[in-house]
Amino acid sequence: MQHWARRLEQEIDGVMRIFGGVQQLREIYKDNRNLFEVQENEPQKLVEKVAGDIESLLDRKVQALKRLADAAETFQKAHRWQDNIKEEDIIYYDAKADAELDDPESEDVERGSKSSSLRLDFIEDPNFKNKVNYSYTAVQIPTDIYKGSTVILNELNWTEALENVFIENRRQDPTLLWQVFGSATGVTRYYPATSWRAPKKIDLYDVRRRPWYIQGASSPKDMVIIVDVSGSVSGLTLKLMKTSVCEMLDTLSDDDYVNVASFNEKAQPVSCFTHLVQANVRNKKVFKEAVQGMVAKGTTGYKAGFEYAFDQLQNSNITRANCNKMIMMFTDGGEDRVQDVFEKYNWPNRTVRVFTFSVGQHNYDVTPLQWMACTNKGYYFEIPSIGAIRINTQEYLDVLGRPMVLAGKEAKQVQWTNVYEDALGLGLVVTGTLPVFNLTQDGPGEKKNQLILGVMGIDVALSDIKRLTPNYTLGANGYVFAIDLNGYVLLHPNLKPQTTNFREPVTLDFLDAELEDENKEEIRRSMIDGNKGHKQIRTLVKSLDERYIDEVIRNYTWVPIRSTNYSLGLVLPPYSTFYLQANLSDQILQVKYFEFLLPSSFESEGHVFIAPREYCKDLNASDNNTEFLKNFIELMEKVTPDSKQCNNFLLHNLILDTGITQQLVERVWRDQDLNTYSLLAVFAATDGGITRVFPNKAAEDWTENPEPFNASFYRRSLDNHGYIFKPPHQDTLLRPLELENDTVGVLVSTAVELSLSGRTLRPAVVGVKLDLEAWAEKFKVLASNRTHQDQPQKQCGPNSHCEMDCEVNNEDLLCVLIDDGGFLVLSNQNHQWEQVGRFFSEVDANLMLALYNNSFYTRKESYDYQAACAPQPPGNLGAAPRGVFVPTIADFLNLAWWTSAAAWSLFQQLLYGLVYHSWFQADPAEAEGSPETRESSCVMKQTQYYFGSVNASYNAIIDCGNCSRLFHAQRLTNTNLLFVVAEKPLCSQCEAGRLLQKETHSDGPEQCELVQRPRYRRGPHICFDYNATEDTSDCGRGASFPPSLGVLVSLQLLLLLGLPPRPQPQVHARAASHRL
């Protein structure tokens, strides 16, 4: 077998030396040494420059934010409240007006309240990816808020003055994107004006629930939610509580910590989390699913619930926010005030706020609930029906904002958010936020107002930040990344969410964006701590097509981005320390090389694919490379490579590489007969963006990415020494490979390494494309006892004295070449040719398992948190927030039930269903305007295999009694191939477990275990949760009332006659008296 292996190695090496042209290309570069310079990437200087550029970019947005916040506080302070203000008095552009006019079921169309809305003209702006109007602002008001209320009209009145500040900001900085004021009343005023993205179903957008608003409106939170599940809480009330808890969780961000418990006589966590955990997307999902399993039974025991909550908040042995400690209790009512518990745990300092929520329609005395909230610096809320949930589960933020307002300028600090999806189509953004305070006083000599007016925000598109990073000088495998205090990436080449949820930020941890190891944990910690650093590490990386794992060396360099919570890193392979910069000052030479880009030269010089880069501002992009090349040529006939509108570095390097690869054709490829060695094509790809495929006809079957930096073969060849085989990618669900017309090929590539004046770099990759069928025949000859293909075969039988081989004995021996990812490359079995490119376990599970068990392969498992999955069919037991209580037959026959609060509450919900017909049907994604068939975010488990520790020839037996098999395996030198010769299976009874490589749907790692070893993070360095002057007298002293059937039915009849139901008026009354 070792003899066969050497023959295979020699054949591969010989073909690559003759046709690959590695040595010849080195000589070509040296012969053209006067046409380029070797530049150095200095990591420390690079990261410091980019960090400084990002800091300057964000600082300009900060100055605009401060001007807006100061102006807003001034305008509101000067505003005179108007009790008798009317809708027709306020003229503004209602962003949802056009959509509502198109919707005949819209309540505002029915009421004819469009007289106050402007009709605007819009122009397309590529910066916003939208049509905009620069002369006006737009206003968005949540669906469940009455836009004609006095509070909203006054809010619209004074915020109108912000329009001029928005416009002036844009004049000073034309690069500004959305400028937004999110009001605590729910009104959003943004600039420039554009129409709202109308959803197919009900629009649930509320600025107060957006990640950027939540982060800007309060300091981090430690929250314990306790839910009363005693026997009196049943049916609709329990459903309301479950939905309320889910909505409350949506008001938390990754800077917050939370736990949820249920209680009756005893308290217990609803999930596997036994302590406060970070309120990230995955943990909140665990809570939401666990809450749906709550069952009502037993008696109410407030003491058990509160003692559990206080114990949770006093646990100092865990990571937590250490700010804004609070307890949120959901109950249907009770008599006990548990004063002894508060005296023991919270008085006299009252460091924990208590918020109480009376849920459902009932006759209980709510005074104890009010007392608990008022004596513990919290607030009392009532949630009688589903329509009150959203508003009342977010109003607590007003209370948390009091210490910030009272702290004044000290609390006026700009915060930068996690990455999230912009609701107006800008894509992935971060937002700078600044709270806006109410500076009015309730009267002469009175204390100043302590309510937050809202949050000012300015978006920065990630694409704008990415433009500040080095472009193409870092090579195919070098990149810049940035993370925040949570370790989430702001920039990273692997930040590619397949689908986004408007309600949640995009939170990809650095250790999930890359393959985690101890070195990267250390780097991440240092970056979060705001340190500078540099470290060279040996690590694992996934290939671009996610089929392979390579062990590589990388240099990491990082610095903090001052005045922000971000840190910037640079990753460089050692071979990318230097790069080529073309210097084509000779215009005659420019023209000569440029001619080799013209299609007229392809027949003699080979087909040229050019990387679709932004060479010039006026170059029209196209996904079709032929069309892109045509656009490029047409533009180059109008401008020169030195034009100011073009990227001279990219253009000069492209033209230089065009000439250099043409010289490779001239010196090597043109005079060779590819058919002699059964080659379909030869090719060269370069850092400059050229991929030349010879002969021209081979381009018809070329499927690799025209951007070398995005081609898996290119990046893997740079990271590995020797010849890298890449079989055609096959999906088990697709039809087998077609072997007609010899069109199926196997790529073999290798990097071209230059050494110029002691500086080493790899500016190109060259290779060949093997004719699969012809090389399969050649493989059988090379792994046989024949010395050459024309020699007659020796027939080796039981009575002959010759060694068995892969050609003659193909009925007894299985001989294969498998690549380093475990994919079949060549086989001596004709029926397996169509399986080339498949994971070998799908071809011979028994043998692949033996190779794995004998350490020829190692397995790496990881999770893709950015995947998209097809929507699941709705179930009957889901956590739908619109669930409706279904009364039993006994209820209908019971007169008492019809006169009870339960019947009234059900009646009220049904009316909501009539007005908002999709309320009971739409899930959050659909409600935000997504198509019903839209894919949803999910987690996929990925498994890759790579070569293990065994590097020599190895013999082993697959033990299975009479069905045992002997196999030999050996790595082929200077390749990524494993040569395996094995006895063919005699029977199928020894089929063992099949190794899986295909990506599979997963729930991800067990969250209950992960929270026991949380990743390192740091919260914001400021906390405003206490101020001695805070006035806590406003604590929600509402009053519950027993329902009167006659009065309530009369009110509902009025609603049916045309007055649509509105959210709880007591909320707006409170806002009116205290906010403005």
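This is a predicted model: local features need pLDDT of at least 70, side-chain atom pairs count only at pLDDT 80 or more; totals for chains, interfaces and linings use all residues.
Trainee: What makes the contact between arginine 467 and aspartate 464 a salt bridge?

Mentor: The side chains of arginine 467 and aspartate 464 come to 2.3 Å, N to O. The cut-off is within 4 Å for a nitrogen of Lys or Arg and a carboxyl oxygen of Asp or Glu, so the pair qualifies. The search of the whole structure finds 42 salt bridges.

Trainee: Why is arginine 467 called exposed, and why is aspartate 464 called partly exposed?

Mentor: Arginine 467 has a relative accessible area of 60%, and exposed means over 50%, so the word applies. Aspartate 464 has 23%.

Trainee: What makes glutamate 514 and lysine 520 a salt bridge, and are they buried or exposed?

Mentor: The closest N and O atoms of glutamate 514 and lysine 520 are 3.3 Å apart, which is within 4 Å and therefore meets the criterion. Glutamate 514 has a relative accessible area of 10% and lysine 520 one of 1%; under the 20% limit, both count as buried.

Trainee: Which residues gather in the patch of negative charge on the surface, and why is glutamate 1009 called partly exposed?

Mentor: The patch is formed by Glu289, Asp1003, Glu1006 and Glu1009. Glutamate 1009, in helix H31 (residues 1007-1010), has a relative accessible area of 47%. Exposed requires over 50% and buried under 20%, so glutamate 1009 is partly exposed.

Trainee: What makes strand S11 mostly covered?

Mentor: Seven of the seven residues of S11 (residues 325-331) are buried. Lys325, Ile327, Met329 and Thr331 are buried on one side, and Met326, Met328 and Phe330 on the other.

Trainee: How do you know which strands pair with S11?

Mentor: At least two bridges are needed for two strands to pair. Strand S7 (residues 222-228) and S11 share six bridges in the parallel sense, with aspartate 222 as the bridge partner of lysine 325. S11 and strand S12 (residues 352-359) pair, also in the parallel sense, over seven bridges, and phenylalanine 330 stands opposite phenylalanine 357 in S12.

Trainee: Why is strand S13 called largely enclosed, and how many bridges join S12 to S13?

Mentor: Five of the five residues of S13 (residues 379-383) are buried, so the strand is largely enclosed by the rest of the structure. Tyr379, Phe381 and Ile383 are covered on one side, and Tyr380 and Glu382 on the other. Five bridges join S12 to S13, which run parallel; phenylalanine 357 stands opposite phenylalanine 381 there.

Trainee: In what sense do strands S1 and S23 pair?

Mentor: Strand S1 (residues 36-40) and S23 pair in the antiparallel sense over five bridges, and glutamate 40 stands opposite phenylalanine 578. In S23 (residues 578-582), four of its five residues are buried.

Trainee: What makes the backbone at proline 192, proline 348 and lysine 377 worth noting?

Mentor: Most residues other than glycine have a negative phi, and most peptide bonds are trans. The bond from tyrosine 191 to proline 192 is cis, with omega near -5°, and that from tryptophan 347 to proline 348 is cis, with omega near 5°. Lysine 377, in the loop between helix H13 (367-374) and S13, has a positive phi of about 60°. Its relative accessibility is 11%, so lysine 377 counts as buried.

Notes: Residues are numbered from 1 along each chain as its sequence is written. Side-chain values use heavy atoms; hydrogens and water are left out. Buried means under 20% relative accessible area, exposed over 50%, partly exposed in between (1.4 Å probe, protein chains only). Patches are made of residues with over 30% relative accessible area and no salt bridge: like charges are joined within 9 Å, nonpolar side chains (Val, Leu, Ile, Met, Phe, Trp, Tyr) within 5 Å. Accessible areas come from the Shrake-Rupley method with a 1.4 Å probe; for residues, only the protein chains shown count as cover. Lys and Arg count as positive and Asp and Glu as negative; His and the chain ends are not counted. The place of a charge is taken as NZ of Lys, CZ of Arg, CG of Asp or CD of Glu. Helices (H or I, at least four residues) and strands (E, at least two) are DSSP runs, numbered from the N terminus.
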